[in-house]
Amino acid sequence: MLAATARASMRLPAPVIRTSPRSDLLVGLPTWLWVESQTPTTASASVPGMTLSVSARPIAATWHLDGVVVSCPDLGMAYRDDDPVAPPTCGHTFTRPGEVTIRVSVRWQVTWSGDPGSGALPDLTTTAALNSRVIEVGALNTGG
């Protein structure tokens, strides 16, 4: 009961969605998806003679976009300008232009510790959404 009280008092930060490209997304080009760094969070609860600490750390992200669900075993990795050909660790390639809402759910693993031991609690989830536009870009080859 003490662990549940500490878990209920936790205030997890909302995910901050990042993409590359940053503004208009492009049809046919892999879009990098990641969540800005999320710091593990702790809370505690006490009764006379006992204090329990509850910790939550982000472990995975699930993205909902373009009618597709993309599950990532982590929060994704930020795009790096120094390695522009590397594939995204978490991403999606849009197939048609239009307005899109990118939604992410971040899963937080929750554990407790104290006297007399430690254990796991049910995971927590935070969510966020970002409205964006997917455009098509034409290219003209004038090579000879």
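Student: Which residues are in contact with Ile102, leaving aside its neighbours within four places in sequence?

Tutor: In this predicted model, Ile102 is in contact with Ile17, Thr19, Leu25, Trp63, His64, Leu65, Ala128, Ala129, Leu130 and Ser132. Each is called a contact because heavy atoms lie within 4.5 Å.

Student: Which residues of the largest nonpolar core touch the most other members?

Tutor: This core has 31 residues, and Val54, Trp63, Leu65, Ile102 and Val104 touch the most other members. Several elements each supply at least two residues of the core, among them helix H1 (2-8), strand E5 (50-65), strand E8 (98-114) and strand E9 (117-135). In soluble globular proteins, nonpolar side chains tend to be buried together.

Student: Why is Thr126 called buried?

Tutor: The relative accessible area of Thr126 is 11%. The term buried applies under 20%, and therefore Thr126 is buried. This residue is found in strand E9. Leaving out residues up to four places away in sequence, Thr126 touches Leu12, Pro13, Pro15, Val104, Ser105, Val106 and Trp108.

Student: What makes the link between the side chains of Thr126 and Trp108 a polar contact?

Tutor: The two side chains are joined at 3.0 Å. A polar contact requires a pair of N or O atoms within 3.5 Å, one able to donate a hydrogen and the other to accept it. The pair of Thr126 and Trp108 is therefore counted as a polar contact.

Student: How do you know that a disulfide joins Cys72 to Cys90?

Tutor: The S to S distance is 1.8 Å. Cysteine sulfur atoms within 2.5 Å count as a disulfide, so Cys72 and Cys90 qualify. With 65° about the S-S bond, their link is right-handed. Cys72 lies in strand E6 and Cys90 in the loop between E6 and E7, so the pair ties together parts that are 18 residues apart in sequence. A search of the whole structure finds one disulfide.

Student: Are Cys72 and Cys90 buried or exposed?

Tutor: The relative accessibility is 7% for Cys72 and 2% for Cys90. Buried means under 20%, so Cys72 counts as buried, and so does Cys90.

Student: Why is strand E3 said to be largely enclosed by the rest of the structure?

Tutor: Five of the six residues of E3 are buried, so E3 is largely enclosed.

Student: What makes E1 and E3 paired strands?

Tutor: Pairing requires at least two bridges. E1 (residues 17-20) and E3 share four bridges in the antiparallel sense, and therefore they pair. Within this pairing, Thr19 stands opposite Leu33. E3 is also joined to strand E7 (residues 91-93) by three bridges, again antiparallel, and the bridge partner of Thr31 in E7 is His92.

Notes. Residues numbered from 1 in each chain as written. Predicted model: local features only at pLDDT ≥ 70, side-chain atom pairs only at ≥ 80, totals over all residues. Heavy atoms only, no water. Core = buried A, V, L, I, M, F, W, Y, C linked by side-chain atoms within 4.5 Å. Buried < 20%, exposed > 50% of the residue type's maximum accessible area, 1.4 Å probe, protein only.
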